[in-house]
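These are my notebook entries on how two chains meet.

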Amino acid sequence: MAIKRRDFLKLTGLTLVGTAASAAVGDLLTRGEVKAQEYATPPEALKGKRWAMVIDVKKCKEGQKKGCGKKCIEVCHYLHNVPSIPDKKKEIKWIWEDEFEHAFPEQTDEYLEEIFKDVPFMLLCNQCDNPPCVRVCPTKATFKREDGIVMMDFHRCIGCRFCMAACPYGSRSFNWFDPRKYLKKVNPEYPTRTKGVVEKCLFCYERLAQGKLPACVEACPEKALIFGDLADENSEVSKILKERVALRRKAELGTGPAVFYLID
Amino acid sequence: MYNAEKVIPFIIILIIFFTIPMWLNFGRLEAIPQPELPKEEKKCVESKEYMRAYHMKLLDNWRKKAIRENQHLYTASNGKNYTISLQRTCMKCHTNKEKFCDKCHNFVITHPDCWDCHIAPEVAKKWQ
Ligand code: SF4
Ligand code: SF4
């Protein structure tokens with residue numbers, strides 16, 4: 001059936017009217033959704049341009065001798081609902097302890113190893129300047145915040161574990177099963193994670209937003225963990241790093257870690 | 001139309017068949033879910049109508065702003081400020097997910113996965 005010119009024009013006109021009408025109806029449907037809603041950073045939030053942490057390993061050793069019971073790990077893992085899984089291959093950790101030779105495998109100096117034989121090294125995500133985990137994440141679940149924190153949006157993580165392969169520090173853990181079974185008590189103010197999601201330390205972004213220091217920093221009775229803004233010359237971390245000798249883990253890789261270990 | 005005397009009744013039968021749930025529940029009020037509302041607090045973050053229709057969008061925006069843009073403070077249309085947090089703000093008034101969220105979600109057979117990670121208040125209580 002051939003279409004007549006007249007009919008064709010009529011149809012075109014109708015289509016136009018229809019499109020306009022549906023656009024108007026669409027506007028009606030979404031009306032009331034657009035409102036004057038505003039978002040802001042809370043005024044009490046701690047503000048920084050480059051958050052960093054300095055860890056005084058000697059003080060840490062002192063604390064452990066006095067029996068601090070590794071408060072930093074305990075408090076962090078409680079507040080963030082990090083489960084304790086006995087199986088080493090499937091464990092989840094945000095902050096953990098290791099020996100010098102594992103933390104700094106590139107430091108082959110025998111004497112250094114001897115000096116630090118019994119010194120505990122608290123390890124956590126280094127919140128790298130140039131984080132390889134962010135580069136490989138296909139969903140932008142892991143991304144870099146303006147204040148230097150390497151942030152995770154757990155909602156977006158698809159569990160591909162590229163980030164775990166990319167991180168040279170083993171800072172990331174994968175949830176092989178529902179972690180809730182391994183939580184003895186929970187912090188009702190913070191979520192857990194679910195099976196198939198990667199997690200790591202987020203520098204307590206949720207506490208910074210409330211004007212509080214990271215949980216581990218606050219928990220350490222020896223004040224062995226110091227937190228602050230590297231971009232601010234007068235911050236405690238900047239001052240310490242100007243005066244004392246600090247190591248960063250595998251800095252030669254160019255990741256630019258923001259966690260420093262005082263070794264003098 | 002060919003076979004109109006067969007096709008049309010069949011179409012009618014089909015329509016009736018697919019709308020059976022509607023006819024069965026016609027005028028039955030108890031079928032409408034009744035989520036339990038907070039007793040102390042009368043006003044939600046936004047108006048009731050808005051929350052009913054768009055709470056999922058609001059929550060999604062909250063997530064994006066808080067997690068991705070570090071903006072943890074929400075100023076509602078009436079000027080009131082709220083901390084962006086499902087567990088620390090929403091569930092402080094709606095103290096029971098089963099009696100609130102689930103009521104409608106089950107009714108419309110939608111199962112959002114919020115609670116795979118976020119801890120419902122009643123679940124947290126049982127845990128301790
Ligand atoms: S496991 Fe998650 S966070 Fe890691 S790269 Fe994949 S999507 Fe990104
Ligand atoms: S330490 Fe690992 S997880 Fe943390 S920012 Fe660096 S590469 Fe990413």
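I took contact to mean heavy atoms within 4.5 Å. On that basis, 40 residues of chain A and 33 residues of chain B take part.

I noted that this is a predicted model, in which local features need pLDDT of at least 70, side-chain atom pairs count only at pLDDT 80 or more, and totals for chains, interfaces and linings use all residues. Residues are numbered from 1 along each chain as its sequence is written, chains are lettered from A and ligands numbered from 1 in the order in which they are written, and side-chain values use heavy atoms, with hydrogens and water left out.

I looked up the buried area (accessible area, 1.4 Å probe, that two parts lose on being put together, summed over both). Chains A and B bury about 3200 Å² between them, with 51% of it on carbon and sulfur atoms. I67(B), R68(B) and W127(B) supply 22% of what chain B buries against chain A, more than any other three residues.

I then searched for salt bridges (a side-chain nitrogen of Lys or Arg within 4 Å of a carboxyl oxygen of Asp or Glu). The rule finds 3 across the interface of chain B and chain A. I recorded the bridge of K92(B) with E189(A), whose closest N and O atoms are 2.7 Å apart.

Last, I checked the strands (DSSP E runs of at least two residues, numbered from the N terminus; two pair if DSSP finds at least two bridges between them). β1(B) pairs with β1 (residues 38–40) of chain A in the antiparallel sense, over 3 bridges. There I found T75(B), in β1(B), opposite E38(A).

Key. Helices (H or I, at least four residues) and strands (E, at least two) are DSSP runs, numbered from the N terminus.
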